[in-house]
Amino acid sequence: MIRVEFLGPIQKAPLELEINNLNELAALLQKDEELSTWLENCAVAVNDTLVSSLEVALKDGDKVSLLPPVCGG
Amino acid sequence: MLCLYDGALDVPRILQEWYEEEAASNYGAYIPFVGTVRSEEGIEGLSFDIYEPILKSWFDAWQEKAKAKGAMIKMAHSRGDVLVHTSSYIAAVFSPKRRVALEFIDAFVEDFKASAPIWKYDIIDNQRVYALKRSTAMVGSGILSSKMKDEKK
């Protein structure tokens, strides 16, 4: 099971999904209309490390985080 | 050193503590940057969410860069609500000579704005409103989007 967390202002509860890679996650999340704008501007982390492509395999227990645009300070 | 606090920062105390901690460390320069919440467009204050695991690894990478130059970074940031005319952010660089610290504080604060996983909200009528227009998409953003896929075709 893969846990998917939506950080900061994305008002969405975490998901627990049976997926094998980020491509499968992208396909699933693209079906959610509420997320369409967020997907365009969110960065993605797997187990708290930012990734730059979807060619990332996922294994049971992994955590995927979506990080919307930031503004600290 | 990375310190997170609930609510506004006690700026005089933090600056003094940092000064005293490094007074005998033989650094010739201590250059702090203090971010204070300004009154604009009727906001009552700002509010912040922080994702600590990635903030910590981002900060640790910067600390390593500073260490390579004989310098050290300290940073404090608020969680939750911070009212106008109080402060939410302090960054400081200590270094043997001023030039390194001056250059580091500039580069560090710029990257902080673009890369630190912190989300800012305006407080208006006691409600939190995400400051999307003032926010920056992190490097690598958009990879889950179908538009990104289309652009690659």
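This is a predicted model: local features need pLDDT of at least 70, side-chain atom pairs count only at pLDDT 80 or more; totals for chains, interfaces and linings use all residues.
The size of an interface is often given as the accessible area lost when the parts come together. Here, chain A and chain B bury about 2,700 Å² between them, and 64% of that area lies on carbon and sulfur atoms. On the side of chain A, the residues that lose the most area to chain B are A:Val70, A:Cys71 and A:Gly73, which together account for 26% of what that side buries. The contact draws on 33 residues from chain A and 35 residues from chain B.

Polar contacts, rather than salt bridges, turn up where the two chains meet: the rule finds 14 residue pairs in polar contact across the interface, but zero salt bridges. Several elements of chain A take part, with α1 (22-29), α2 (36-41), β3 (43-46), β4 (49-51) and β5 (63-67) each supplying at least two residues of the side that touches chain B. Sorted by class, that side of chain A has 21 nonpolar, eight polar and four charged residues.

B:Ser141 sits in the loop between β7 (127-130) and α4 (146-152) of chain B. With a relative accessibility of 16%, B:Ser141 counts as buried because the cut-off is under 20%. A polar atom of the B:Ser141 side chain lies 3.3 Å from the backbone oxygen of A:Asn41. The backbone nitrogen of A:Ala43 likewise has a polar atom of the B:Ser141 side chain at 3.3 Å.

Turning to aromatic rings, the count over all chains comes to 12 pairs. In one of them, B:Tyr27 and B:Phe94 are tilted, with 5.8 Å from centre to centre and 45 degrees between the planes. B:Tyr27 belongs to the loop between α1 (11-22) and β2 (29-36) of chain B and B:Phe94 to strand β5 (residues 87-95) of chain B, so this pair ties together parts that are 67 residues apart in sequence. B:Tyr27 is partly exposed at 24% relative accessible area, whereas B:Phe94 is buried at 3%. Elsewhere, ring pairs link B:Phe33, B:Trp58, B:Phe59, B:Trp62, B:Tyr89, B:Phe104, B:Phe108 and B:Phe112 into a cluster.

In chain A, A:Asp32 pairs with A:Lys12, their closest N and O atoms being 2.9 Å apart. Since A:Asp32 lies in the loop between α1 and α2 of chain A and A:Lys12 in the loop between β1 (2-6) and β2 (15-17), the pair ties together parts that are 20 residues apart in sequence. A:Lys12 is partly exposed, with a relative accessible area of 25%.

In chain B, the side chains of B:Asp49 and B:Arg128 meet in a salt bridge at 3.0 Å, N to O. This pair links distant parts of the chain, B:Asp49 being in strand β3 (residues 45-50) and B:Arg128 in strand β7, 79 residues apart. B:Arg128 is partly exposed at 40%. Another salt bridge joins B:Arg134 to B:Asp122, with 2.7 Å between the closest N and O atoms. B:Arg134 lies in the loop between β7 and α4 of chain B and B:Asp122 in strand β6 (residues 118-124), so the parts tied together are 12 residues apart in sequence. Of the two partners, B:Arg134 is partly exposed at 39%, while B:Asp122 is buried at 11%. Back in chain A, salt bridges that share partners join A:Arg3, A:Glu5 and A:Glu16 into one network.

Terms used:
Residues are numbered from 1 along each chain as its sequence is written. Chains are lettered from A and ligands numbered from 1 in the order in which they are written. Side-chain values use heavy atoms; hydrogens and water are left out. Contact means heavy atoms within 4.5 Å. Buried area is the accessible area (1.4 Å probe) that two parts lose on being put together, summed over both. A salt bridge is a side-chain nitrogen of Lys or Arg within 4 Å of a carboxyl oxygen of Asp or Glu. A polar contact is a pair of N or O atoms within 3.5 Å; within protein, one must be able to donate a hydrogen and the other to accept it, and residues adjacent in sequence count only if both atoms are side-chain atoms. Helices (H or I, at least four residues) and strands (E, at least two) are DSSP runs, numbered from the N terminus. Ala, Val, Leu, Ile, Met, Phe, Trp, Tyr, Cys and Pro count as nonpolar, Asp, Glu, Lys and Arg as charged, and the others, Gly among them, as polar. Buried means under 20% relative accessible area, exposed over 50%, partly exposed in between (1.4 Å probe, protein chains only). Rings of Phe, Tyr and Trp (its six-membered ring) pair if their centres lie within 6.5 Å; planes under 30 degrees apart count as stacked, over 60 as edge-to-face and the rest as tilted.
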